[in-house]
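Open the model in your viewer and follow along. Each stop says what to select and what is there.

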Amino acid sequence: MTSILHNGADPAQIASAAALLAAGEVVAVPTETVYGLAADALNQTSVRRVFEIKGRPLIDPLIVHVAGWEMLETLAHTNQRAKRLAERFWPGPLTIILRKKPIVPDLVTANGPTVAIRMPGAPVMRTILKAAQKPLAAPSANPFGYISPTTAAHVRDSLGDRLGHIVDGGPCAHGVESTIVDLSDDAKPARILRHGPITREALQTALGETVDLSPEKTAPSDEKAGLAAPGMLSRHYSPHTACELIEAGVAPVVPEGVRAAWVLLRRPKAAAKPANADIFFLSENGSLEEAARNVFALLRALDKGRYERIFMETPPAEGIGMALRDRLRRAAARG
């Protein structure tokens with residue numbers, strides 16, 4: 001099916017996209033993190049179509065996007081910690097995991113007792129949610145396991161033959177998926193299940209308590225049971241080209257005859273360029289926020305078949321560098 005690019009700045013086309021979603025269609029939509037493949041979260045037929053389009057396994061739960069706190073309360077059992085974080089970070093790139101209510105289909109939550117919910121900050125997505133008047137399940141709009149899309153063109157390149165409607169809202173502001181924090185059990189500390197633009201430090205300040213981290217080694221790619229949250233498989237966000245993480249400031253050892261790309265975190269002042277590697281960079285000045293915005297787009301550009309190996313500098317384990325580190329580690333995972 002030929003994809004149709006809707007202009008996210010046109011109110012009539014936004015209304016059309018909202019009407020399609022309300023009628024049970026699947027539409028690619030822009031958020032401030034990455035582009036999502038949206039469907040009515042309470043319509044099991046529509047949600048199943050999302051899994052089919054992506055080739056996503058049913059063990060991987062979906063994030064439900066809401067227009068506001070009132071919509072959240074119809075879907076999940078809330079608590080004071082969730083309300084505190086919502087007041088501080090919503091609309092924005094934070095997903096909160098809560099105990100779900102029966103109205104949420106088990107298909108959305110991988111048969112688990114909790115649901116992942118966020119209120120997105122992108123104006124186009126917020127307008128669509130309000131117009132559709134429905135919670136929208138919206139995982140990244142790409143084939144499962146591949147590099148996430150941060151422009152409408154990325155969606156068209158990956159899913160244009162499977163998807164009829166794409167809303168073009170321009171490049172995504174953050175470029176990596178939302179932070180996911182588990183608040184489903186009041187008796188346990190809050191816990192980050194996926195790093196994103198909202199840092200651990202910011203969450204701890206907002207909650208006034210320590211926020212735990214999931215272990216860096218998480219579920220393997222052949223996991224059979226339902227996952228607690230999206231983005232927890234060992235291999236994910238992956239280009240077809242083989243990737244390898246290397247220490248920052250250390251030149252890669254490129255095998256003879258291999259065409260390679262060397263991805264730096266910042267524009268180099270000077271670098272010893274390996275004879276058979278081209279140098280790329282994610283930020284002019286080493287800004288980790290800029291690197292996060294650019295990482296998926298650059299990986300897609302490098303994955304066009306010109307290179308046989310991609311070497312990537314390892315980001316520092318601080319701030320949004322944790323999210324960037326997580327994405328690159330999963331992109332480089334084997335098998």
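Is Asp186 buried or exposed? Select Asp186: at 55% relative accessibility, Asp186 counts as exposed (buried is under 20% relative accessible area, exposed over 50%, partly exposed in between; 1.4 Å probe, protein chains only).

A word on the model. It is predicted, so local features need pLDDT of at least 70 and side-chain atom pairs pLDDT 80 or more, while totals for chains, interfaces and linings use all residues. Residues are numbered from 1 along each chain as its sequence is written, and side-chain values use heavy atoms, with hydrogens and water left out.

Arg81 is buried, at 8% relative accessible area.

Next, select Arg118 and Glu32. They form a salt bridge, with the closest N and O atoms 2.8 Å apart. The partners are 86 residues apart. Arg118 is buried at 1%, and Glu32 is buried at 7%.

Now show Leu94. Leaving aside neighbours within four places in sequence, its contacts (heavy atoms within 4.5 Å) include Arg118, Leu85, Ile117 and Leu203. Leu94 is also among the residues with the most contacts inside the largest nonpolar core, which has 35 residues (buried Ala, Val, Leu, Ile, Met, Phe, Trp, Tyr and Cys joined through side-chain atoms within 4.5 Å). For a second, separate core of 26 residues, select Cys243, Leu282, Leu324 and Ala332, which are among its members.

Last stop: Arg309 and Glu244. Their side chains meet in a salt bridge, 3.8 Å from N to O. Arg309 is partly exposed at 23%, and Glu244 is partly exposed at 28%.

Key:
A salt bridge is a side-chain nitrogen of Lys or Arg within 4 Å of a carboxyl oxygen of Asp or Glu. Helices (H or I, at least four residues) and strands (E, at least two) are DSSP runs, numbered from the N terminus.
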